[in-house]
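Please open the model in the viewer and follow the stops below in order. Each stop names a selection and then describes what is found there.

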Amino acid sequence: MKRPQQELKYLVREFEKKMSEAPAPLWMDAPDILDILDYYEQQNMYYESEQCMRLALKLHPNNPEVVVRRAYRLKNEGRWDEAAKVVAQVKDQDSLDVQFFLGEKALSELRVDDAEHHFVAGLKNERAIDEQMVLNGDGDPLGDSDLLLEIGELFIDYGCVEKAKKYLKLIGKERPEYVRSQMLMAECAYQLGDTEAALKKLDDILDADPYYLDAWVMKADLYNEAKRWPECAEAADFALAIDPNIEKALRFKAYAALGQNNFDGVLEVFAKYRKLYPYDYTMALSAGEILLNQRKYEEAFEVLCFSNRNCPNDNADKIRILTDIALTYSARHDMQRAYSTLLGICSLGMTYADVLYHAANQAFDYKEIDFGRSALQHFLDNYKLTPEQRLLIARMLCEHNLFGEVSEIWDRLLDVKDNQRTSAAPYLAYAARRLMRIPDFKFWLAYAIYQDPTLTNQIFRHIYPNCLPQEYLACARREFPEF
């Protein structure tokens, strides 16, 4: 039975007091230690939880619950084989804890029927214990609703939605786990693609208890997935009315504001979120990019630096954050710092060639033509030009309307050998026309019409209106008959 929160906190305080007085307390019952372990794990206190686990193994090395808990900790670290060896040491292999562990292991290996066999075996053992309690007059049996709920959760976690529904439906309305089971049934409906049925389940829960926080949060989640922003915002507001500091509801409120292009609303949520969750970088990243779009570069820089400090180096968002920070420098015409910031991304997996490309692109965005041209020249001097890179650079220059200012770059791009392929033909044709290199223009236009008529039409339809792509070459010959 779950220990009341106040009692648990008192137990943790007593444990920590004993630990501070001696290397280890003289004695502590296994259930007490495991409850303390639960507390530390929920608080993400890894060192304390590991210390607690070692103490439990020292005091109760043969206790099945302690041994299985050790196995689950190994499993959570992805060390399934070690965890299975630990569980194999338990004498009673038919026990509930062992069967449920073996069931989850089977699920992880996609052996769904074997998993169900283990879960059912665990249920039978627990029901037999309950029946024996009744026969012995040892009090009311605890029932198996909590186990049915756990089975349902496990099946959902591993994508076996229909199996999950089978066991969740067995939980009666009179059981304390019933409401939670209905939440999981809503999750099942959503995973099966029936969002309306999921929302109906949640409405039924809220009709019975309008203050059920988890249901409001889940409604906001579903509306967010469905991109129904006003309903998402409304559900998040109801959740925040119950608990003003709940993280998920604040996130969904921000998502809803972003979905409705209410950027000031996102920033307002971020101001509160940052105080409550000072080590979360994700909301800061979104806020920083909004400030960038609003051209509030100083504020964006401060928020993005906050995001960068709290984002782990091995996280994929790190490159995005540093690129955004570089953009705040570029926007303020400090290209050297922008370039230095982008160089820092090389240690995260981006190549130096990518850095030069991004530096040039940012420079052109903010009319720093000389810097961008130098970055591209450095790129072309040091790297063999691949068809993909030729396309990226040609498209970038066309999008920035750069032709005569960077004619030496176009010289390199237009120099395609006979045995080379390129997908940049439409851009090369357009550039050649702008540079009045008419033989190159006609050559690349013919190539572009054959290779990518759709893109060629998008680029040239304002030059040759009312013509089909296959007619462009004839139009060009009439336009420049002397070549």
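A residue counts as buried when its relative accessible area is under 20%. The model on display is a predicted one.

**First stop: Met53**

Select Met53, which lies in helix H3 (residues 46-59). Is Met53 buried or exposed? Its relative accessibility is 1%, and Met53 therefore counts as buried. Next, display the surroundings of Met53: apart from neighbours within four places in sequence, the residues in contact with Met53 are Leu37, Val66, Arg69, Arg70 and Arg73.

**Second stop: helix H2**

Leu37, one of the contacts of Met53, is also one of the buried residues of H2. Select helix H2 (residues 30-42), whose end C-alpha atoms are 18 Å apart. This agrees with the 18 Å that its 13 residues should span at 1.5 Å a residue. Which residues of H2 are buried? They are Ala30, Asp32, Ile33, Leu34, Asp35, Ile36, Leu37, Tyr39 and Tyr40.

Select helix H5 (residues 80-87) together with helix H6 (residues 96-108). Their axes come within 11 Å and cross at roughly 155°. An angle over 145 degrees counts as roughly antiparallel, and H5 and H6 are therefore roughly antiparallel to each other. The crossing of H5 past H6 is left-handed. To view the contact, show Trp80, Ala83, Ala84 and Val87 of H5 with Val98, Phe101, Glu104, Lys105 and Ser108 of H6. By class, the residues of this contact comprise 6 nonpolar, 1 polar and 2 charged.

Finally, select helix H12 (residues 213-225) and helix H13 (residues 229-242), whose axes come within 8 Å and cross at roughly 160°. That angle makes H12 roughly antiparallel to H13, and H12 passes H13 in a left-handed crossing. On the H12 side, the contact is made by Leu213, Trp216, Val217, Lys219, Ala220, Tyr223 and Asn224. On the H13 side, display Trp229, Glu231, Cys232, Ala235, Ala236, Phe238, Ala239 and Ile242. How many residues of the contact of H12 with H13 are nonpolar, polar and charged? The division is 12 nonpolar, 1 polar and 2 charged.

Terms used:
Residues are numbered from 1 along each chain as its sequence is written. This is a predicted model: local features need pLDDT of at least 70, side-chain atom pairs count only at pLDDT 80 or more; totals for chains, interfaces and linings use all residues. Side-chain values use heavy atoms; hydrogens and water are left out. Axes are lines fitted to C-alpha atoms, for helices over the stretch in contact, and angles run from 0 to 180 degrees between N-to-C directions. Helices (H or I, at least four residues) and strands (E, at least two) are DSSP runs, numbered from the N terminus. Angles under 35 degrees count as roughly parallel, over 145 as roughly antiparallel, 65 to 115 as roughly perpendicular and the rest as oblique. A crossing is left-handed if the near helix is turned anticlockwise from the far one by less than a right angle, and right-handed if clockwise. Contact means heavy atoms within 4.5 Å. Ala, Val, Leu, Ile, Met, Phe, Trp, Tyr, Cys and Pro count as nonpolar, Asp, Glu, Lys and Arg as charged, and the others, Gly among them, as polar. The expected span of a helix is 1.5 Å times one less than its number of residues. Buried means under 20% relative accessible area, exposed over 50%, partly exposed in between (1.4 Å probe, protein chains only).
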